[in-house]
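Visitor: I have a structure to look at and some questions about it. Can we go through it together?

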Amino acid sequence: MASFSKSSSKAGGGVGGGGWAKAKHQSAGGGGSTLERIQQIELEISRTQKNKATAKHLGELKAKLCKLKRDILEPSGGGGGKVAGFEVQRIGDARIGLVGFPSVGKSSLLTALTGVQSEAAAYEFTTLTCIPGVIYYNDVRIQLLDLPGLIVGASIGKGRGRQVIATAKSCDIILMVLDATKDDAQKEMLTKELENVGIRLNRKPPDVTVRPTKGGGLKFQATVPLTHFDEEVCATILRQYKMHNADVLVREDITEDDFIDVIDGNRKYCKCIYVYNKIDMLKLEDVDELARRPSSVVVSVRNKWNYEYLLKRLWDEMEIVRVYTKKKGEFPDFSDPLIITPQRGNKQFNVENAVQLLHKSLLDDFKHALVWGSSVKQSPQAGSACAGSGVVG
């Protein structure tokens, strides 16, 4: 049997030794720049077969990868500052961002929906900053942002990807504009770039509670059968975040990626509508297939097709509640409604939210309101909460 000395170069005792030492050092994320370490860990993950025996190792690698990507997008050092052209003041009742690769029709769509002239041309990267516009629809002001085209690698800072994605995180809904004449690879690449920076499209936050404690170690409970996650994987991930004492309650069948999202805490769960442009260049059968996909809308910016349906779809997804106020003995004021969205209140309309929009000091003397509308059992109905929309007096 052959033997090797621990001090020999073949034994790989140091980082500069044999292949095994290098592989071990790389899989631990050591050495090289942050981008090189990210590539090393991603390579290790791709080479590792997924099963129960490797779940603990994969969870550790993914936690390291998440922390490294966060260091790239959110550098701890000073000097970042604001970037001219991307600090757009939020106005209106909701914010929508146009995301897509260059030359898919984002600027033309902004002009068609808002009237704001955003430069458009036959070459790529005509939009270099964030161009805002406002859509007036059903008595509501909706801010629409035309963001510069993303490129592959935007999630690690290539091009202006860092600024584009940071602005996209501030949006309530994302319109992913796609070229209908191309395959689904564009959609997959854009989704991956957004996933890499913590933007989760058309997904709900995992139903998991993690409560750090001062002692007692890890207390793990699950109310449902788990097929991709267990207590050992949970402990491995928590150690990467230096959390050795915590109470963890899992209420759904999650993966290690879902748990890392909960621990990291900076994820954006955002609705997304996939807008397929240039349908005038496709056969009717192909257009019909695209239109039937989940969360998809087909349009033609050049021929101005299907704009009304796109606006209606946006309205339905935003779940906006309009509240019209009414003074006692007078007709309701239908000219200037109070706007409540899931981002500014909750999905169940709370009268207190409407009162706060009028003036916060009114809550001190507020007892109840009279509510008219299709959602109440009787008109008027006295109460402090009611689902839907209506008139408040």
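Guide: What follows is a short tour of this protein, by question and answer.

Visitor: Where do these coordinates come from?
Guide: This is a predicted model, in which local features need pLDDT of at least 70, side-chain atom pairs count only at pLDDT 80 or more, and totals for chains, interfaces and linings use all residues. Residues are numbered from 1 along each chain as its sequence is written, and side-chain values use heavy atoms, with hydrogens and water left out.

Visitor: How many helices and strands are there in the protein?
Guide: The protein has 11 helices and 15 strands. Helices (H or I, at least four residues) and strands (E, at least two) are DSSP runs, numbered from the N terminus.

Visitor: And what share of the residues is buried?
Guide: Of the 393 residues, 41% are buried. Buried means under 20% relative accessible area, exposed means over 50%, and partly exposed is in between, with a 1.4 Å probe and protein chains only.

Visitor: What part of the contacts joins residues 24 or more positions apart?
Guide: Among contacts with a separation of 6 or more, 59% are of that kind. Contact means heavy atoms within 4.5 Å.

Visitor: Let's pick some helices. At what angle do α7 and α8 pack?
Guide: Helix α7 (residues 231–240) packs against helix α8 (residues 256–264) at about 40 degrees, and their axes are 11 Å apart. Axes are lines fitted to C-alpha atoms, for helices over the stretch in contact, and angles run from 0 to 180 degrees between N-to-C directions.

Visitor: Which word goes with that angle between α7 and α8?
Guide: The angle makes α7 oblique to α8. Angles under 35 degrees count as roughly parallel, over 145 as roughly antiparallel, 65 to 115 as roughly perpendicular and the rest as oblique.

Visitor: Which residues of α7 and α8 meet?
Guide: From α7 come Val233, Cys234, Ile237 and Leu238, and they meet Glu256, Phe259, Ile260 and Ile263 of α8. By class, this contact of α7 with α8 has 7 nonpolar, no polar and 1 charged residues. Ala, Val, Leu, Ile, Met, Phe, Trp, Tyr, Cys and Pro count as nonpolar, Asp, Glu, Lys and Arg as charged, and the others, Gly among them, as polar.

Visitor: Why would residues three or four places apart point the same way?
Guide: An α-helix has 3.6 residues a turn, so residues at that spacing point the same way.

Visitor: How many residues of α8 are buried?
Guide: In α8, 7 of 9 residues are buried, so the helix is mostly covered. Among them are Glu256, Phe259 and Asp264. Gly265 follows α8 and has a positive phi, near 75 degrees.

Visitor: Is Asp258 in that helix buried or exposed?
Guide: Asp258 is in α8 and counts as buried, at 17% relative accessibility. Leaving aside neighbours within four places in sequence, Asp258 is in contact with Arg203 and Pro206. The C-alpha atoms of Asp258 and Asp207 are separated by 9.4 Å, while the two residues are 51 apart along the chain.

Visitor: Where is Asp253, then?
Guide: Asp253 is in the loop between β8 (246–250) and α8. Asp253 counts as partly exposed, at 34% relative accessibility. Not counting residues up to four places away in sequence, Asp253 touches Val224, Pro225, Leu226, Thr227 and His228. For His228, 25 residues away along the chain, the C-alpha separation from Asp253 is 7.3 Å.

Visitor: New topic. How do α4 and α10 pack?
Guide: Helix α4 (residues 106–114) and α10 pack at about 85 degrees, with axes 11 Å apart. That makes α4 roughly perpendicular to α10. Leu109, Ala112 and Leu113 of α4 make the contact with Tyr307, Leu310 and Leu311 of α10. By class, the residues are 6 nonpolar, no polar and no charged.
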